[in-house]
Amino acid sequence: MKRIRIALLTMIPGLLAALLLAALLPAAPLSAQTVGEPAPEFELVDQYGDAYSLDDFSGRWLVLYFYPRADTPGCTTEACNFRDNIYAIRGAGAEVVGISVDSVEDQKAFSDKYKLPFPVLSDVGGGTSDAYGVLREMGSTGIANRETFLIDPQGVIVKHYEQVDPETHTQDVVADLQDLRDEYSPAG
């Protein structure tokens, strides 16, 4: 009995240290939404103050891309590539929407500067980014990871790009949209 008590007493400091460490570490981020799941609902305001929700794209394909910060090099490259390929994307039957945690004012300045022909939504507070599992802590605030979701006309995620190269991403999206559209047949 004495040995058991001694063994338990020697384990307590290690357990306390592990519990203290777990309490001090930030919680793990929510896992990102996965293919085959319904896309989380959202209602956000774009660069012009217009409200958009997932329901606004019902019946159409949606390229929903998250980016860290407006008017930064990688985000600008990605946005301009979506801009430059907007006719190919729309020709594949899809709409493009960008989301970051930037303010409406920052989104407007970004959109105006680069003449973006699609909504860039303001997710101040990161609620939608969190719902999609792409929000990460950055200092005292959060930012969205650079990730994209292809959402089918029924609102189901059919493709999730977790590793995005801003230089080539749009071409991948266009090719995948064309393939998906060709093989897609609505449930009926």
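The model is a predicted one.

- Arg60 and Glu95 pair through their side chains in a salt bridge at 4.0 Å, N to O. Arg60 sits in the loop between E2 and E3 and Glu95 in strand E4 (residues 94–100), 35 residues apart.
- Arg60 is partly exposed at 34% relative accessibility, and Glu95 is partly exposed at 21%.
- Asp102 and Arg69 form a salt bridge at 3.7 Å, N to O. Asp102 belongs to the loop between E4 and H4, while Arg69 belongs to the loop between E3 and H2.
- Asp102 counts as buried at 6% relative accessibility, whereas Arg69 is partly exposed at 29%.
- Asp71 and Lys113 meet at 3.2 Å, N to O, in a salt bridge. Asp71 is in the loop between E3 and H2 and Lys113 is in helix H4, so this pair ties together parts 42 residues apart in sequence.
- Shared partners join Arg60, Arg90 and Glu95 into one salt-bridge network.

**Helix H4**
- Gln107, Phe110, Ser111 and Tyr114 are the buried residues of H4 (residues 104–114). They fall within an arc of 95° seen down the helix axis, so they line one face.
- Glu105 and Lys113 are exposed on the other side of H4.
- The C-alpha atoms of Phe110 and Thr72 are 9.4 Å apart; Thr72 lies in the loop between E3 and helix H2 (73–84).

**A negative patch**
- Glu41, Glu43, Asp55 and Asp56 form a negative surface patch.
- Asp55 lies in the loop between strands E2 (51–53) and E3 (61–66) and is exposed, at 52% relative accessible area.

Definitions and conventions. Residues numbered from 1 in each chain as written. Predicted model: local features only at pLDDT ≥ 70, side-chain atom pairs only at ≥ 80, totals over all residues. Heavy atoms only, no water. Patch = residues over 30% accessible without salt bridge, like charges linked within 9 Å, V, L, I, M, F, W, Y side chains within 5 Å. Areas by Shrake-Rupley, 256 points an atom, 1.4 Å probe, with all protein chains shown as cover. Lys, Arg positive; Asp, Glu negative; His and termini not counted. Charge placed at Lys NZ, Arg CZ, Asp CG, Glu CD. Helix = DSSP H or I, 4+ residues; strand = E, 2+ residues; numbered from the N terminus. Buried < 20%, exposed > 50% of the residue type's maximum accessible area, 1.4 Å probe, protein only. Arc of directions from axis to C-beta.
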